[in-house]
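Have the sequence and the coordinates open as you read.

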Amino acid sequence: MDPAVRTFVDDIDATIRRFVRVPFTDASTLAEIGLDSLTTLRVVAALVPDGDREIDLAELADLKTLGQFRAWVAGQVTR
Amino acid sequence: MTATISSTPVTESQLGLLVVHRSVPVGNLYNVLVELQLDPTRSAAEVRAALTAVLNAQPALRLAFRELPEPAAWLREPFTPEEAPLRHVPVDRDFAERTRRELAELAAAGFDLGEAPLLRAVHLHAGDESVLLISVHHTVFDGYSLQPLVRDLDAALAGDLDVAGVRPVRERALLRELDAQVKAGAADTVEEQAAAIGARLRETTATVLYPRPNRPATTDFRGARRELPLSPERSAAVDRAITALGVTPFTFFCSAYSAVLARHSGTDQAVFGSPLMARRTVGSHDLCGFFVNTLPLVVDVDWDLSFAEHARTAVDREVDGVRRAVTVPFSRVVRHAAPDRGGNRNPLFSAMLAMQDSTGTPPGSAVRSVREHGTGTAKFDLWLGVTPTPDGWLLELEHDVALLPEPIAAAVADSLLHALDRAAADPSTPLRDLFVDASVEEAHRADGFYREPPCADLDGWLARVAAGRPAAVAVEEEGRALTYAELAREVAAVAAGLRGHGVEPGQVVGLTTTTLVDTVVAMLAVLRLRATFLPLDLALPAERLAHMVGKADCRIAVGGGDPGVPVFPVAGLRVGGDTAHETGGPSEEDGVYVMFTSGSTGNPKGVLMHNRPLVNLTAWQLAALDMDEGTRFLQYAPLGFDVSFQEIVPTLAAGGTVVSREPADRRDVPAVVRRVLDTAVTHVYLPVAALRPFVQAAEGLRFEHLRYVCVSGEQLTVNDEVRDFFARHPGVRLVNLYGPTETHAVTTHRLSSEDSNWPSHVPIGVPLTGVTAQVVDRTGHLAPRGVVGELLLGGACPARGYINEPERTAERFVPDPRGTTRYRTGDQVLWDADGVLVFLGRDDHQVKIRGYRVELGEVEVVAQQHPGVRRAVAVARGDGADRHLVLFVQADAPDLEALRRRLADALPPYMVPLHAFTVDEVPLTGNGKVDRAALLRQADALVGEQRADEAGRTTTDDPLEAGLQALWAELLDHPAPPLDRSLLEIGAHSLNALVALSRVEQEHGVRVPILDFFRDPTVAALAALVRERR
């Protein structure tokens, strides 16, 4: 894996861990690990350095698993 | 110092709040009230400096708004510490009490949205306590703003808030976010989503908690909030269930809340709003501000579904839907769903669920704890806030105290806590079993009136009374009086005669007697034989009489005419002798009468009523109506109505006198009134419909002897005429009795001049002694106060059943798990806030207008209270969104315009008939009921004519009207707005009305309240409002 991408993934996981206190895998659903929509936004806000970046909130409704969320966040960060 | 930006766009959500702020006469309704406990070592000066820093670092807290030339917000320059809206209050004792007082003061003070800052703070400081109270207007502060505020305050107290550095960044971020909001709101998809949500809401029944007649359409927004903190154990159970179900806390709480709302609104659906965080830019997460869209959730409630399935299907689907529609501003949905902003209530939903942000603060923070408070107001009928706190889930229920009085709110809170506990304990619980029975004691509470009967059967009772008062008059007709001794002799002789014709105990004997004396003698003679009498009205169609006689297995009758069985006149039955020894011992199970009542399936059913309920009723009535030897009860009711029993038998049990109505014709109310006066009657029992004619005919007369006016038969509504009669007769009591033929009278509501509250829709009251009234709601449980359910009557009252109809009997007379038998009335009732039963009707006079349930009777009552209106009948016409009410009135010198204004003043807009017409006669069906179908046909024709008329009337010579017409033409892009038809029909709504009224204010110097405009949103009415205020 590209080291830069790897750093991102680590960042994402570290940030998620600040909000989620239970063990999780990519298959975990956001609901079962207690990641509600407010928290997902906080994770994104904490990771994206550009304050002007706009998030399409409706997209969040499609994210059901942590894997999907992780991929989506990576997209937001590296866009 | 100069601000980097001076004005900002206004989002639709903010604009919506501006409209509400202007239209609601409660300036503090949208105050957000926060209590922050601070590190007590910080000095007052430090706190002031910190708050100033926060205000300067948070641009939204320096915003103010204006409405003209178009709505906009502008940014105030930064504050100096002296300018900061903060008051320090050193406290030397009673810190908590002082805090409460300051909170109340802050809560009550409204904001002028044109003046920044829209925030006020009070700092209370004692030796070891320091509290900062903040009141801030919602237009600049949503629930999510709390964390940025606390973070900034903490940093400022620590000296770490770089105001100079963050100010330009934050101001830019605010502008960027507002731009993003405005841009997102303008997308085509948003309009499509809003239209779809609107269309769905129009098809949906609004959730109305504690539905009842005369429910206020507007309120003064006074509210009360109760905190329901879940203990750590209960919170942990909820968390476990949330995890096990794999749903979010929002879905979990929505699932329980929707079931509670459905139960307490008496429906299988719940509509409620929820504020959704709508921040779009990453930078906005550091900002205070109002970036919320409130969207409706429509949740179907299938009571048989498990909580888990409910959460995973109906609720999850809905939550998913609102998350996808998060960009849709509330006001846009309103425009599509309900352009008429009815009353001063939220037009889309009356209940709310708000998931609040967590209130925890990091360790070491100078802000020790965060707590939000209610402001003594209520924006919704019911609001549920759910907050994750460090100690567990905090639930807060806020309710409008006028719409949901305290006992009702308490019942809702009970339901909610039960539902949450059960759902948490076992998510496989069916929704109906999330709830429990409300207090059985309440259902079995009676009015306590009772005079101990001397024996268990009526014949024995009446015989004893007769023996004790031989010379007193028992029955009185014009020109004829029968003493108790004579009555006893007659009864014995006729009973012997009937016995001679083979009448046995249990047999049914028809009565076609025509005089009161003959009737009473025949009735009591039948009872002497332990037989059952069947009143037969010879005016009934022969076919119907034949059905009655056949069904009741009646083979003999007393009286005259041709009832289809051998009939003997009273005079011909007199035989000497005593029959008592031949019939054996009486039993309370012996039948007394059979009365036929209409059946929905076409054929009438004969109710077989026996001694036990009637002895109980008589024992109650003697006490409840103060009956004694001086009682003179008018016999008014036809014998075929069970009311006649109450006029005759209890009077004879009291040793009083039954007075014949005749020679007055039953329909000639003035003659009946004269008869009441002439014969010194003490008790009158009228059908509800005769009450108003009675008091009208009694105008100017004084009733020295009258003590009780009883009414029954249908929903009693009283107006000022009725109230005046009783005010003029302080010694006379009005008793509203309720009871189907199957149970006889079972509940009463008593009114007299001493009662200050004479509701126009009179309750049916409380059960009489020995009767149980159970209200069974949709969940199958005993309903708490305020919850609609079917009334089931038990205890002493149920009849034996329908004679010779075991199947129909088994259908309606059902076992009572808590007693013996209950009769299912099919009547919808509720216990009101005071624990009194209110009849809500049956489904057949209930219509839906734009999703609202409307009892036509309520509209009719208001119309009938209008001077000159003799009768009013409402019908519902049209389909879907076009469905509306049409009112027909029978009136003397009708002023329909004044009537329309009165209706608009008294009723929520959806209940105000769109058209009102006068009729000479209300058409009736064959069986005497209002022929609504015929009225609907008339409505179609009349509305068509009216439309044709209006088409030619869109111009005016009045310069004011012409000016207003031009203004609306511009705003609505309409060539010629009508003068006296609703502007709502051509696209006016609250937002463009706000602009219109601002322009009116500019041009004419008068401020027209938006609610006044919406009461009658026409050009002509607006012109009148302007003229009035000039």
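## Where the chains touch

Chain B puts 23 residues in contact with 21 residues of chain A, contact being heavy atoms within 4.5 Å. Before going further, the ground rules: this is a predicted model, where local features need pLDDT of at least 70, side-chain atom pairs count only at pLDDT 80 or more, and totals for chains, interfaces and linings use all residues. Residues are numbered from 1 along each chain as its sequence is written, chains are lettered from A and ligands numbered from 1 in the order in which they are written, and side-chain values use heavy atoms, with hydrogens and water left out.

Between them, chain B and chain A bury about 2,100 Å², and 51% of that sits on carbon and sulfur atoms. Buried area here is the accessible area (1.4 Å probe) that two parts lose on being put together, summed over both. On the chain B side, the residues losing the most area to chain A are B:Arg280, B:Val282 and B:Arg323, together 32% of what that side buries.

Now the polar side of things. The count between chain B and chain A is seven salt bridges, each a side-chain nitrogen of Lys or Arg within 4 Å of a carboxyl oxygen of Asp or Glu. There are also 13 residue pairs in polar contact across this interface, with both residues at pLDDT 80 or more. A polar contact is a pair of N or O atoms within 3.5 Å; within protein, one must be able to donate a hydrogen and the other to accept it, and residues adjacent in sequence count only if both atoms are side-chain atoms.

Which helices of chain B each supply at least two residues of the side that touches chain A? They are α5 (163-185) and α9 (307-324), with α5(B) giving the largest share, four residues. Helices are DSSP runs (H or I, at least four residues) and strands likewise (E, at least two), numbered from the N terminus. By class, that side of chain B has seven nonpolar, seven polar and nine charged residues. For the classes, Ala, Val, Leu, Ile, Met, Phe, Trp, Tyr, Cys and Pro are nonpolar, Asp, Glu, Lys and Arg are charged, and the others, Gly among them, are polar.

## Salt bridges

Over all chains the count comes to 63 salt bridges. Here are two of them.

| Salt bridge | N to O distance |
|---|---|
| A:Asp62 and B:Arg324 | 2.7 Å |
| B:Glu12 and B:Arg332 | 2.6 Å |

B:Glu12 lies in helix α1 (residues 12-23) of chain B and B:Arg332 in helix α10 (residues 330-337) of chain B, so this pair ties together parts that are 320 residues apart in sequence.

Most residues other than glycine have a negative phi, and most peptide bonds are trans. The bond from B:Ala116 to B:Pro117 is cis, with omega near 0°, and B:Pro117 is found in the loop between α3 (95-108) and β6 (119-125) of chain B. Another cis peptide bond joins B:Glu662 and B:Pro663, with omega about 15°. B:Asn214 has a positive phi, near 60°, and lies in the loop between α6 (188-202) and β8 (223-229) of chain B.
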